[in-house]
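Here is a set of questions and answers for someone meeting this structure for the first time. Please look over the sequence and the model before reading on.

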Amino acid sequence: RIGIAVSQDQGATWAYRGVANIPYGTAEYTHWAPDIVYSSGRYHMFLVIVPGTFENWDAPRDIIHLASADLETWTFEDKLALGSDRVIDPSLFLLPDGTWRLWYKDERDHSYIHYADSKDLKAWVAKGGSITDRSSEGPKIFRWRGQYWMIVDAWRGLAVYHSRDALDW
């Protein structure tokens, strides 16, 4: 489950509040790697869903979209169709033209990082092909000093990529 902690002092101390109400799957489903963005007056969580706990990695993993007004109670919006049944680690960023870009790990493609675009956080178009040159996971994207930066867990430390256009890394 996805835990919730709150702070009354800008993050200096935290208090556990409970778990997020995620209306998807059964009690056996596990939740991984949430990424939350705010758009159009609502919070949007992109969350990895695994239908159970397995002794090996041979199980489907999907990314779902949930929305909330209060960060505690969520409504299911959709399961993203990204062309693979083994996608994890969503990371979102709003591009200057208003397009949302979602980066994620595709385990079916050598665990390379892929991306998809959306104008409304609902209809996603997977762009196909990897954007990284090695297996990795957990992409985090930010903009700094006129460039986009992506940090990934490359399983031998962190790898850092940069791009002027968020396409060519």
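Q: Leaving aside its neighbours within four places in sequence, which residues is Leu-92 in contact with?
A: This is a predicted model, and the answer is read from it. Contact here stands for heavy atoms within 4.5 Å, and neighbours of Leu-92 within four places in sequence are left aside. On that basis the partners of Leu-92 are Asp-35, Val-37, Phe-46, Trp-100, Arg-101, Leu-102, Leu-121 and Trp-124.

Q: Which residues touch the most other members of the largest nonpolar core?
A: The largest nonpolar core has 16 residues, and β4 (42–50), β7 and β8 each supply at least two residues of this core. The members that touch the most others are Ile-63, Leu-82, Leu-92 and Trp-124.

Q: How many residues make up the second, separate core?
A: Apart from the core that holds Leu-92, there is a second, separate one, whose members include Tyr-115, Ile-141, Tyr-148 and Ala-159. The size of this second core is 14 residues.

Q: Is Ile-141 buried or exposed?
A: Ile-141 lies in strand β11, which covers residues 137–144. Leaving aside neighbours within four places in sequence, Ile-141 is in contact with Ser-91, Phe-93, Trp-103, Trp-149 and Met-150. Buried means under 20% relative accessible area, and because the value for Ile-141 is 9%, this residue is buried.

Q: Which strands stand at the edges of the open sheet of four strands?
A: The sheet runs in the order β7-β8-β9-β10, with antiparallel pairing. Two of these strands each have a single partner strand, so one side of each is left without a neighbour in the sheet. Those edge strands are β7 (87–94) and β10 (125–126).

Q: Which residue in β9 is the bridge partner of Asp-106?
A: Strand β8, residues 100–106, and strand β9, residues 112–118, pair in the antiparallel sense over seven bridges. For Asp-106, the bridge partner in β9 is Tyr-112.

Q: Which element gives the most to the lining of the largest pocket?
A: The largest pocket holds about 150 Å³ of space and is lined by 13 residues, with Gly-3, Ile-4, Ile-36, Leu-71 and Glu-72 lying nearest its centre. Two or more lining residues come from each of β1 (3–6) and β3 (30–39). The element that gives the most, with four residues, is β1.

Q: How many residues in the lining of the largest pocket are nonpolar?
A: Sorted by class, this lining has one polar residue and two charged residues. The nonpolar residues in the lining number ten.

Terms used. Residues numbered from 1 in each chain as written. Predicted model: local features only at pLDDT ≥ 70, side-chain atom pairs only at ≥ 80, totals over all residues. Heavy atoms only, no water. Pairing = 2+ DSSP bridges. 1 Å grid on protein atoms, 1.4 Å probe; cavity = no way out; pocket = protein on both sides within 12 Å on 5 of 7 lines; lining within 4 Å. Points joined across faces, edges and corners; volume = space filled by probe spheres on them. Nonpolar A, V, L, I, M, F, W, Y, C, P; charged D, E, K, R; others polar. Core = buried A, V, L, I, M, F, W, Y, C linked by side-chain atoms within 4.5 Å. Buried < 20%, exposed > 50% of the residue type's maximum accessible area, 1.4 Å probe, protein only.
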